[in-house]
Amino acid sequence: MSRRGRWPFEEKPLLVFWETTKACPLACIHCRAEAITRPLPGELSHAEGLELVRQVAEFGRPYPILVFTGGDPLSREDIWELVDEAHSLGVPVAMAPSPSRALLDNLDRIASGKVSAVSISIDHPSPEVHDKVRRYQGSWEAGVTAIRELIRRGVKVQVNTAVMRSTVDGLPGMVKLLKDLGVDVWEVFYLVPVGRAEAREDLTPQEWEDVSAFLYEASRYGINVRTSEGPMFRRVSLLLNYARSRNLEPSKLVKLGDLYLRLTGQLRALLGEPGEEARFETSGTRDGKGIAFISHDGMVYPSGFLPVPVGNVRRERLVDIYRRSRLMVSLREASFRGRCGSCEFKEICGGSRARAFAYSGDPLGEDPACPYVPGSLGVNVKEVMAP
C-alpha cells in the first residue's frame, strides 16, 4: 500500500494534464474528449504551448508532473519541442499516447530519457474486444508491442484500463496480461458518462463495489493499482486490508456481490493464490485536489472528466486558477453535499466529482456509484486508515 504523504495540495497539483490536441486516429466508444481525426480550430499555438509549460514551472519545486494527453499527443507536430521545453525547465513529463501506428513510430523518441513515464491503454485481454471499444483495428497489438519494447528499454510504463459494461468481464485476464508483460502499475478508469461514453455502459453501485473489491485482490499479485474516477476503491481497499489484518470476515465491512465472486474466482484460476501484501494507491487526490486539466483551447477544469471550467490559461496564470478558483477550493476542502458530505471517508475518497456532475449537474453532490451508507460500520476510521 502506498501513500503520498505531504504534497501541498492547496498550493499545487500533483498532476497537470494537458489535452494538447483533439486529433486522434482512434474513435473510442467512451472517449471523454470526443476526439476527431484533425485538430480543432483554437488549440493552443506553439508559442502558447511553450508558455503553458512555463506556467506549470511557476508552481515551484517539486514541480507537478506534466502529462501530455489528448486526443493523441503524438498527433501534435510540435510535441517533441514541448517535451524539450519541459525537460529544460526540470518539469517531469509523462505521456499518454494512443495505442496506434504513431506510437510504434515514436518509440525511440519516447525512450530518449526526456519522458519519465508513459501510460498506454489496454481495455481488455482480447484484441477483438479492445479494438472494438477503441474502433481502431490493430490498436491492441500496437499497444502491447509498445509496452514490451518500452519496458525493454527501461521506460516506466503504466497500463490504463477503462471499466464499463463492455470490458468488465476482462478484468481477471487483464491482471494476467499485465503480469505476462511485466507491468507493475495499473490505473483503472471507472466509466463516467461524459463525451462519447453512454450511461448504458455504466455499472450499478453494487457492481462498482465489486470491481473495487476485485481490484484490491488484484493488487495482491504484485501490481500497484490505482483508479481514476473510482475513489471508492480506496475505502473498499482500506476496509478489506483492515479486515485481513484483524482476521475479520471481509463481508462484515464490504458487501461482496456476485460480480466480485465471479471475477475473483477467475483470477485465482488464472494466477493461483495471491500474496500477502496489497499494493493499492490511497494518495487522496481527486478532481481539483492534486489534479488540474487544461483543454486544447486553454480552458482549465478540475479534471478531464468534469467539464466545469474554472479559468483559461490565455487570460490567467495556471497557478492562480488552481489556488483561487472557488470550485477548486471547495473540492479541496471536501465541501460536498449528500452522503459524500457526511461520509467519514470523504477526505480519503470524496466520491467521483465528475460522476456526481454527470448525473446531477452538481460537482459537489454525492457520487451515485457508491452504495456506502456513512456511519454504518461502527469501526474506528483512524485505525482503518493507519498504515
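This is a predicted model: local features need pLDDT of at least 70, side-chain atom pairs count only at pLDDT 80 or more; totals for chains, interfaces and linings use all residues.

**Reading burial, contacts and cores**

Colleague: Which side chain meets R165 in a salt bridge?

Modeller: The cut-off to hold in mind is a nitrogen-to-oxygen distance within 4 Å. The side chains of R165 and E207 form such a bridge, with N and O 3.0 Å apart. Because E207 belongs to helix 8 (residues 205–218) and R165 to the loop between strand 5 (156–163) and helix 7 (171–181), this pair ties together parts that are 42 residues apart in sequence.

Colleague: Where does the salt bridge partner of E209 lie?

Modeller: E209 meets R235 in a salt bridge of 2.8 Å, N to O. E209 is in helix 8 and R235 is in helix 9, so the two tie together parts that are 26 residues apart in sequence.

Colleague: How far apart are the closest N and O atoms of D367 and R355?

Modeller: They are 3.1 Å apart, and D367 and R355 form a salt bridge. The pair joins R355 in helix 14 (353–360) to D367 in the loop between helix 14 and helix 15 (381–385), 12 residues apart. With the burial cut-off at under 20%, D367 counts as buried because its relative accessibility is 1%, and R355 is likewise buried, with a relative accessible area of 1%. Bridges may also share partners, and in this way D108, E149, R152 and R153 are joined into one network. The count for the whole model comes to 31 salt bridges.

Colleague: How many aromatic pairs does the structure hold, and how do I tell their geometry?

Modeller: There are eight of them. The angle between the ring planes decides the class, with over 60 degrees counting as edge-to-face. The rings of F59 and Y322 have planes at 90 degrees and centres 6.1 Å apart, so this pair is edge-to-face. It links distant parts of the chain, 263 residues apart, with F59 in the loop between helix 1 and strand 2 and Y322 in helix 11 (residues 318–324). Both partners are buried, F59 at a relative accessible area of 5% and Y322 at 1%.

Modeller: Compare F189 and F305, whose ring centres are 6.1 Å apart and whose planes stand at 55 degrees, so that the pair is tilted. F189 sits in strand 6 (residues 185–190) and F305 in the loop between strand 9 (299–301) and strand 10 (311–312), and they are 116 residues apart. F189, at 23% relative accessibility, counts as partly exposed. Elsewhere, ring pairs link Y216, F233 and F280 into a cluster.

Colleague: Which charged end sits over the ring of Y322?

Modeller: That of R332, at 4.3 Å from the ring centre. In another case, the charged end of K12 sits over the ring of W7, 5.8 Å from its centre.

Colleague: Which residues touch the most other members of the largest nonpolar core?

Modeller: That core has 115 residues, and those touching the most other members are L66, W186, V211, F214, L215 and L318. Helix 9 (residues 232–245) supplies its largest share, eight residues. Apart from this core lies another of six residues, including C24, C28, C31 and A35. To look at one member in detail, V211 has contacts beyond its neighbours within four places in sequence, namely V163, V168, L171, Y190, L203 and L259.

Colleague: What do the buried residues of helix 2 pack against?

Modeller: In helix 2 (residues 79–89) the buried residues are I79, W80, L82, V83, E85 and A86. They pack against strand 1 (15–19), helix 1 (46–57), strand 2 (65–69), strand 3 (93–95) and helix 4 (107–110). After helix 2 comes G90, which has a positive phi, near 85 degrees.

Colleague: Which residues does UniProt list for the Radical SAM core domain?

Modeller: The unreviewed UniProt entry lists residues 10–234. Over that stretch the chain is 36% helix and 16% strand, with its end C-alpha atoms 21 Å apart.

Key:
Residues are numbered from 1 along each chain as its sequence is written. Side-chain values use heavy atoms; hydrogens and water are left out. UniProt positions are given in the numbering used here, feature names are shortened, and annotations may be inferred rather than shown by experiment. Helices (H or I, at least four residues) and strands (E, at least two) are DSSP runs, numbered from the N terminus. Buried means under 20% relative accessible area, exposed over 50%, partly exposed in between (1.4 Å probe, protein chains only). Contact means heavy atoms within 4.5 Å. A nonpolar core is a set of buried Ala, Val, Leu, Ile, Met, Phe, Trp, Tyr and Cys residues joined through side-chain atoms within 4.5 Å. Rings of Phe, Tyr and Trp (its six-membered ring) pair if their centres lie within 6.5 Å; planes under 30 degrees apart count as stacked, over 60 as edge-to-face and the rest as tilted. A charge sits over a ring if NZ of Lys or CZ of Arg is within 6 Å of the ring centre and within 35 degrees of the ring normal.
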